Amino acid sequence: MRFMVMIKANADSEAGLMPSEQLLRDMGNYNEELVKAGVMLAGEGLHPSSKGARVRFSPDGKTTVVDGPFTETKELVAGFWILQVKSKEEAMEWVRRVPNTDNVESEIEIRQVFEAEDFGDEFTPELREQEDRLRAEAAKNA
Amino acid sequence: MTATDTHRVIEAVWRIESARLIAGLTRMVRDVGIAEDLAQDALVAALERWPESGVPDKPGAWLMTTAKRRGIDVIRRSARLEDKQAELARGLGPDGAVAPAADAAIDDEVGDDLLSLIFTCCHPVLSTEARIALTLRMLGGLSTEEIARAYLVPSATIGQRISRAKKTLAAAQLPFEVPTGDDLAARLPAVLDVVYLIFNEGYSATAGDDWMRPGLCEDALRLGRILAGLAPREPEVHGLVALMEIQASRIRARLGPDGEPVLLLEQDRARWDYLLIGRGLVALDRAQALGGTTGPYAVQAAIAACHARARSAEETDWVQIVGLYDVLSRIAPSPVVELNRAVALGMAHGPASGLELVDAIAATSALEGYHLLPSVRGDLLAKLGRAEEARAEFARAASLTQNARERALLHARAAGLGHPSTG
């Protein structure tokens, strides 16, 4: 299963301040660890919201463009990873290891990505039935 | 946090740490079986303690320290292994803490240990089935039950397979090391083959009611990506990863609404996973940049990339694909490659030239009993308007396949030929 892991913005990231050299290095090592573990599919950092924009859709079909920056800093996303892991717990376990060298208060959000497996093998009645059959056979042979 | 929550966390930690744990322990005790038992003991200890004490900050280090302590206990009781005690003790400080070392050195060591573990699990003294089970268990972090579920066999079967394999490895007294030079070149293909076999069992299941089991594809991809990180200079490793990423990109397009298979050229390309395609193309570039243009996996990946780059089935560069199959049939000749080459020939130069090659393959009877031979022949005959013969071939193919979904598709194709007006 896949998760989108989002690092939330803070005053520094919104001000366009780069993290310390040490944090950049630690983050690089962390990303390397994710890659070497075969779990990282993608990951990017985002520019501050001052360089972004929002497109608002109104019920009458009109669209309006609102330029950044946006004020609700803690709700903004400053960077993300796409991780492919076995469980939500595994995603959380990886996130617990994100370096926070600069000791700032920050928050990371974990959201599951919809994909084929959501209605895939584990959930088909056929497989469940088959499993039950196998269990029964195994019990018979035991 | 409830006990169940903690158990889930422990399972996740195990998934992340177990391979490194087993690899590090194997280096010390020189026996994969004992190392895995030690790691399992540490897991049991975590299951006992963490629900009360909470999950430690560095769970991997906790597991390793616990396993090493238990290792020393075991070795103390076993005179046969006495000489290993000193070796084990060297890894521990006076209070049993793991001795500190420079991060980079640890990384290199861990990488070597993991690679050695992969080569051990895929060692030629083991049967292919044993290699697969061991690799999933030791490197993929899958439990015996998970492997059994993936392969639709009782877990007792997998359990026996793994314990027999451990005994075989112990008896063989293999050095725990990464092969080098010619040895590496000779043994790497076996490792890649094990990973690709796992992928393929997920991608086109040989048994069962489902046409695919995507979970196994993910396990294989993860193993392949790990391997690429451990052996970044081996072009074929990147070739294999490229092949798997591109094939996996089609998984959601390969299933119709009722779970029936959808063939490559009929797939809705909007449903392909372009994140995986992008990763596959990057991996293929890497393989080729390392000089791997003629490795069997890189060539297969290049063929898969031709399909991935075509925005519609009609835009497929079949002439280039025929050229790549020509290369493949030189470097890795097999009747199955010939059959695929026949398909490509049929697309590039018309069904008659494809049929000519298929008939030549059929004459050798090398693929007798292989359902795709009559299936491909039926397709070419249908395109040539020889409906009667095509129908017989599809029926024969249906009688040969073990997969229920595929059988239904073949019956449907045979039936479709019977009513050209509804075609």
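**Figure 1. Overview of the two chains in the predicted model.** Read along its sequence, chain A runs through the pattern β-α-α-β-β-β-β-α-β-α, which corresponds to four helices and six strands. The model shown in this and every following view is a predicted one. Chain B, by contrast in its make-up, has 19 helices and zero strands. Of the 142 residues in chain A, 18% are buried, while in chain B buried residues account for 46% of 423. When contacts between residues at least 6 apart in sequence are taken, 75% of those in chain A join residues at least 24 apart, and in chain B the corresponding share is 60%.

**Figure 2. Helix 12 of chain B and its surroundings.** Helix 12 of chain B covers residues 274–289, and its 16 residues, at 1.5 Å a residue, should span 22 Å, which agrees with the 22 Å that separates its end C-alpha atoms. The buried residues of this helix are B:Leu276, B:Ile277, B:Arg279, B:Gly280, B:Ala283, B:Leu284 and B:Ala287. Viewed down the axis of helix 12 of chain B, these buried residues fall within an arc of 160 degrees, and they therefore line one face of the helix. In an α-helix there are 3.6 residues a turn, so residues three or four places apart point the same way. The face of helix 12 of chain B that is turned away from the buried side carries the exposed residues B:Tyr274 and B:Ala289. The cover over the buried residues of helix 12 of chain B comes from both chains, and includes strand 2 (40–45) of chain A as well as helix 11 (235–248) and helix 13 (296–309) of chain B. After helix 12 of chain B comes B:Gly291, which has a positive phi near 90 degrees.

**Figure 3. Packing of helix 10 against helix 11 in chain B.** Helix 10 (residues 214–230) of chain B packs on helix 11 of chain B at an angle of about 150 degrees, and their axes are 9 Å apart. Because of that angle, helix 10 of chain B is roughly antiparallel to helix 11 of chain B. The crossing of helix 10 of chain B past helix 11 of chain B is left-handed. On the side of helix 10 of chain B, the residues that meet helix 11 of chain B are B:Cys217, B:Ala220, B:Leu221, B:Gly224, B:Arg225, B:Leu227 and B:Ala228. Their counterparts in helix 11 of chain B are B:Val237, B:His238, B:Leu240, B:Val241, B:Met244, B:Glu245 and B:Ala248.

**Figure 4. Helix 7 of chain B and its crossing with helix 8.** In helix 7 (residues 144–151) of chain B, the buried residues are B:Ile147, B:Ala148, B:Arg149, B:Ala150 and B:Tyr151. The axis of helix 7 of chain B comes within 8 Å of the axis of helix 8 (residues 155–172) of chain B, and the two cross at roughly 120 degrees, in a crossing that is right-handed. This contact is made by B:Thr144, B:Glu145, B:Ile147 and B:Ala148 of helix 7 of chain B, together with B:Ser155, B:Thr157, B:Ile158, B:Gly159 and B:Ile162 of helix 8 of chain B. Helix 7 of chain B is followed by B:Leu152, whose phi is positive, near 55 degrees.

**Figure 5. The surroundings of B:Val9.** B:Val9 is placed in helix 1 (residues 3–29) of chain B. This residue counts as buried because 23 other C-beta atoms lie within 10 Å. Leaving aside residues up to four places away in sequence, B:Val9 touches A:Glu89 and A:Glu93 of chain A and B:Val55 of chain B. The C-alpha atom of B:Val9 is separated by 9.7 Å from that of B:Trp50, a residue 41 residues apart from it along the chain.

Figure 6. Most residues other than glycine have a negative phi, and most peptide bonds are trans. The peptide bond from A:Gly68 to A:Pro69 is cis, with omega near 0 degrees, and A:Pro69 lies in the loop between strand 4 (63–67) and strand 5 (77–84) of chain A. A:Asn103, which is not a glycine, has a positive phi of about 50 degrees; A:Asn103 is found in the loop between helix 3 (88–95) and strand 6 (108–113) of chain A. With 7 C-beta neighbours inside 10 Å, A:Asn103 counts as exposed. B:Arg30, in the loop between helix 1 and helix 2 (32–53) of chain B, likewise has a positive phi, near 60 degrees, and with 17 C-beta neighbours inside 10 Å B:Arg30 counts as partly exposed.

Conventions. Residues numbered from 1 in each chain as written. Chains lettered and ligands numbered in written order. Predicted model: local features only at pLDDT ≥ 70, side-chain atom pairs only at ≥ 80, totals over all residues. Expected span 1.5 Å × (residues − 1). Buried ≥ 20, exposed ≤ 12 C-beta atoms within 10 Å, placed from the backbone. Arc of directions from axis to C-beta. Contact = placed C-beta atoms within 7 Å. Axes fitted to C-alpha atoms, helices over the stretch in contact; angles between N-to-C directions. Parallel < 35°, antiparallel > 145°, perpendicular 65-115°, else oblique. Left-handed = near helix turned anticlockwise from the far one by under 90°.
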